[in-house]
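Okay, thanks for making time, everyone.

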Amino acid sequence: MEDDLGSDVLICNGDSLTLNTEIPGCSYLWQDGSQNPNYTITSSGIYGVTVTNVQCEAYDEIEATVENWSVDAGQDTSFCSNDFQLTLNASPGASSYLWSTGETTQNIEISNEGTYQVQATTINNCIYSDLVSIVLNNLPEVNISASSRE
């Protein structure tokens, strides 16, 4: 009987990984006391399983690291004038960026209302995205009139 969870792994923030150890005729005991052949992980740590059949026992463990990064495109913003220019700054630290405008820089200049999305890829090939909405509010119409006093 041989059990091999594989090499240590990196998990993208927000993702999960299921470890599969199913061996016919065996029982399983994970580090937290669970006894299923499959174990889903979502956080960093060392995960180990003891696999037992009638005659033998084997143990293996794997270290999982969750990448501690995410992308932020900035706060949703509204303007009261259609004459504006704004720089959207995505979180630093990614190896590449792709905006919904087609631009591939960390920061972009915008002057139109709308929803802008940035997709950032890290050095570990994890892909994160964020949206920011820019709203143009209507200016109030102000009419001043004079009335005569008697």
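So, reading along the sequence, the pattern of the protein chain is β-β-β-β-β-β-β-β-β-β-β-β. In numbers, that comes to zero helices and 12 strands. Helices (H or I, at least four residues) and strands (E, at least two) are DSSP runs here, numbered from the N terminus.

Quick housekeeping. This is a predicted model, where local features need pLDDT of at least 70 and side-chain atom pairs count only at pLDDT 80 or more, while totals for chains, interfaces and linings use all residues. Residues are numbered from 1 along each chain as its sequence is written, and side-chain values use heavy atoms, with hydrogens and water left out.

Now the overall dimensions. The radius of gyration of the protein chain is 27 Å, whereas a compact globule of 150 residues would have one near 15 Å. That radius is taken over C-alpha atoms, and the globule rule is 2.2 Å times the number of residues to the power 0.38. Along the principal axes, the C-alpha atoms fill a box of roughly 110 × 40 × 20 Å.

What about burial? Of the 150 residues in the protein chain, 29% are buried. Buried means under 20% relative accessible area, exposed means over 50%, and partly exposed is in between (1.4 Å probe, protein chains only). The protein chain exposes about 10,000 Å², with carbon and sulfur atoms supplying 43% of that; the areas come from the Shrake-Rupley method with a 1.4 Å probe, and for residues only the protein chains shown count as cover.

On contacts, meaning heavy atoms within 4.5 Å: take those in the protein chain between residues at least 6 apart in sequence, and 44% of them join residues at least 24 apart.

Next, the cysteines. How many disulfides does a search of the whole structure find? One, with the cut-off being a pair of cysteine sulfur atoms within 2.5 Å. The disulfide joins Cys 12 to Cys 126, S to S 2.0 Å. The pair links distant parts of the chain, 114 residues apart: Cys 12 sits in the loop between strand 1 (9-11) and strand 2 (17-20), and Cys 126 in the loop between strand 11 (114-121) and strand 12 (127-136).

Cys 26 has 16% relative accessibility, so it counts as buried. Cys 56 is in no disulfide either, and at 38% relative accessibility it counts as partly exposed.

Staying with the loop between strand 11 and strand 12, let's look at Asn 124, which has its place there. Is Asn 124 buried or partly exposed? Partly exposed, because its relative accessible area is 39%. Asn 124 and Cys 12 are 112 residues apart in sequence, yet 8.3 Å apart in space, C-alpha to C-alpha. Leaving aside neighbours within four places in sequence, Asn 124 is in contact with Leu 10 and Glu 67. With Glu 67 there's a side chain to side chain polar contact at 2.7 Å. A polar contact is a pair of N or O atoms within 3.5 Å; within protein, one must be able to donate a hydrogen and the other to accept it, and residues adjacent in sequence count only if both atoms are side-chain atoms.

Thr 122 lies in that loop between strand 11 and strand 12 as well. Thr 122 is buried, with a relative accessible area of 4%. Not counting residues up to four places away in sequence, Thr 122 touches Glu 67, Trp 69, Ser 95 and Tyr 128.

Another threonine, Thr 21, is in the loop between strand 2 and strand 3 (27-30). Thr 21 counts as buried at 4% relative accessibility, and its side chain reaches the backbone oxygen of Pro 37 at 2.6 Å.

Last topic, aromatics. The structure holds four aromatic pairs. In one of them, the rings of Phe 79 and Phe 84 have centres 4.2 Å apart and planes at 5 degrees, so the pair is stacked. Rings of Phe, Tyr and Trp (its six-membered ring) pair if their centres lie within 6.5 Å; planes under 30 degrees apart count as stacked, over 60 as edge-to-face and the rest as tilted. Phe 84 is buried, at 9% relative accessible area. Ring pairs also link Trp 30, Tyr 39 and Tyr 47 into a cluster.
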